[in-house]
Amino acid sequence: MPGSQSDWRLRPTGARGLKRFLAPVEDRLFDLAGWESRLVPTFVFCLVSAVMCFSLSLLNLFEHQYFLVEILLCVTAIACVSIGWLFFTKKPFFPLILTAGTLMCLGWILIYTGGVMRASIFYFFWFPPMLMFTMGPRLGSYAFLFFYLTMLVLFSDPVQPYLQSSYDPYLRLRYLIVLFASYLFTWLMELALNSTQRELRRTAMRLEHYALTDHLTGLGNRRALQMHFDRENAKFLRSGKQFCLLLGDLDNFKCINDTYGHKAGDAVLRHVAKVMKDALKPHYSLFRWGGEEFLALMPDTNLPEALEIAEKLRLAVQDTACRHKDLLLPITISFGLKMVTDDQNLEDHVNTADIRLYAAKARGKNCVCCQSA
């Protein structure tokens with residue numbers, strides 16, 4: 001039973017369980033598009049860390065600072081491991097945290113030892129920009145402020161009995177001010193960049209909506225229909241689930257335009273679109289095919305079910321007149337129905353439905369036809 005002690009085998013354990021547990025953590029911590037947007041920055045961060053630490057280890061080797069050489073080579077090795085991890089998993093969370101945490105430890109060690117002539121701490125001016133660049137303003141701020149607070153603690157005591165190397169008070173103050181200014185400037189720039197990216201995404205979504213929507217009726221256009229059809233056709237080819245296309249054309253629509261004007265015709269199109277959309281099931285899709293033609297895509301629907309739905313749509317349009325100004329315009333619609341049973345393109349299926357639509361018109365209009373004759 002779910003929730004009982006007997007279902008422990010169903011629970012993820014070990015590495016898989018840890019991965020499933022931390023996956024949503026990654027998505028919440030990383031800003032904007034999630035961890036995928038941080039792949040390249042994390043690679044650059046780890047690569048720069050490895051190259052810089054290895055280069056410094058060589059310099060310290062010539063200075064006979066063997067302890068620092070060992071530390072820097074260890075940091076280089078960890079950065080290389082992070083690069084390999086990133087290469088094979090394509091997820092930057094653990095490599096990023098591992099490398100950033102290692103560099104923080106290196107910073108504390110350099111503060112403790114003083115490095116070479118107490119100048120090694122100045123290499124960490126690049127740390128805030130890289131944290132913002134790789135982690136984003138939120139997680140990067142958490143990481144930097146933790147590192148900065150520990151440095152405040154280490155530099156707070158004027159005597160500094162717990163450090164091997166002493167630092168001039170003015171040097172400490174200037175270092176902390178410039179380091180925080182570097183963080184603050186980078187944080188503001190990252191916020192501005194994220195704001196611009198969000199606005200670009202919203203603009204792209206609006207443009208995509210406009211590109212897929214008929215402006216008059218608010219229904220999907222042909223491009224949107226093609227996307228839905230491709231998805232349903234792929235499902236049909238994969239699993240054999242049938243679906244139907246229902247092509248409808250308003251009867252005597254030209255007479256409405258000629259008699260009452262194009263504004264009345266537009267009102268009729270909007271009215272029919274709303275009536276048909278309200279009458280369809282939620283998982284069905286309605287599109288404007290062109291002019292006064294509408295096309296409904298009905299997934300997981302066989303021919304008898306589609307005929308029943310088409311009749312329901314026909315009656316809904318027939319029984320609901322369109323009110324335009326002081327006019328009450330009666331409307332009827334004819335349908336041609338095509339069930340997808342083979343792998344043809346959209347145009348071929350619609351052509352078949354169109355032939356059946358003309359057959360419905362020939363039978364007196366205001367009816368549904370699922371045969372070409």
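Biologist: Is Trp 126 buried or exposed?

Modeller: Trp 126 counts as buried because its relative accessibility is 18%, where buried means under 20% relative accessible area, exposed means over 50% and partly exposed lies in between, for a 1.4 Å probe and protein chains only. This is a predicted model, in which local features need pLDDT of at least 70 and side-chain atom pairs count only at pLDDT 80 or more, while totals for chains, interfaces and linings use all residues. Residues are numbered from 1 along each chain as its sequence is written, and side-chain values use heavy atoms, with hydrogens and water left out.

Biologist: How many aromatic pairs are there, then?

Modeller: The structure holds 14 aromatic pairs, and one of them joins Trp 126 and Phe 127 edge-to-face, with 6.4 Å from centre to centre and 70 degrees between the planes. Rings of Phe, Tyr and Trp (its six-membered ring) pair if their centres lie within 6.5 Å, and planes under 30 degrees apart count as stacked, over 60 as edge-to-face and the rest as tilted.

Biologist: And Phe 127, buried or exposed?

Modeller: Phe 127 counts as buried, because its relative accessibility is 0%. Trp 126 and Phe 127 also belong to one aromatic cluster, together with Phe 45, Trp 108, Phe 146 and Phe 147.

Biologist: Which ring has the charged end of Arg 222 over it?

Modeller: That is the ring of Trp 289, with the charged end of Arg 222 at 3.8 Å from its centre. A charge sits over a ring if NZ of Lys or CZ of Arg is within 6 Å of the ring centre and within 35 degrees of the ring normal. The charged end of Lys 90 likewise sits over the ring of Phe 87, 4.9 Å from its centre.

Biologist: Switching to the sheet, what is the order of the strands?

Modeller: Five strands form an open sheet with mixed pairing, in the order E2-E3-E1-E6-E7. Strands (E, at least two residues) and helices (H or I, at least four) are DSSP runs numbered from the N terminus, and two strands pair if DSSP finds at least two bridges between them. The edge strands, each pairing on one side only, are E2 (285–290) and E7 (368–369).

Biologist: How many bridges join E1 to E3?

Modeller: Seven bridges join strand E1 (residues 243–250) to strand E3 (residues 293–299), and the two run antiparallel. Among the bridge partners are Leu 245 and, in E3, Leu 297.

Biologist: Where is Asp 249, and what does that residue touch?

Modeller: Asp 249 is in strand E1, and it counts as buried because its relative accessibility is 10%. Not counting residues up to four places away in sequence, Asp 249 touches Glu 292, Glu 293, Ile 333, Ser 334, Leu 357 and Lys 361, where contact means heavy atoms within 4.5 Å.

Biologist: Which helix holds Leu 357?

Modeller: Leu 357 is found in helix H11, and it is buried, with a relative accessible area of 2%. The C-alpha atoms of Leu 357 and Ser 334 are separated by 6.6 Å, although the two are 23 residues apart along the chain.

Biologist: Last topic: how many residues has the largest nonpolar core?

Modeller: The largest nonpolar core has 36 residues, and those with the most contacts inside it are Leu 250, Val 268, Met 276 and Phe 294. Helix H9 gives the most to this core, with nine residues. Such a core is a set of buried Ala, Val, Leu, Ile, Met, Phe, Trp, Tyr and Cys residues joined through side-chain atoms within 4.5 Å.
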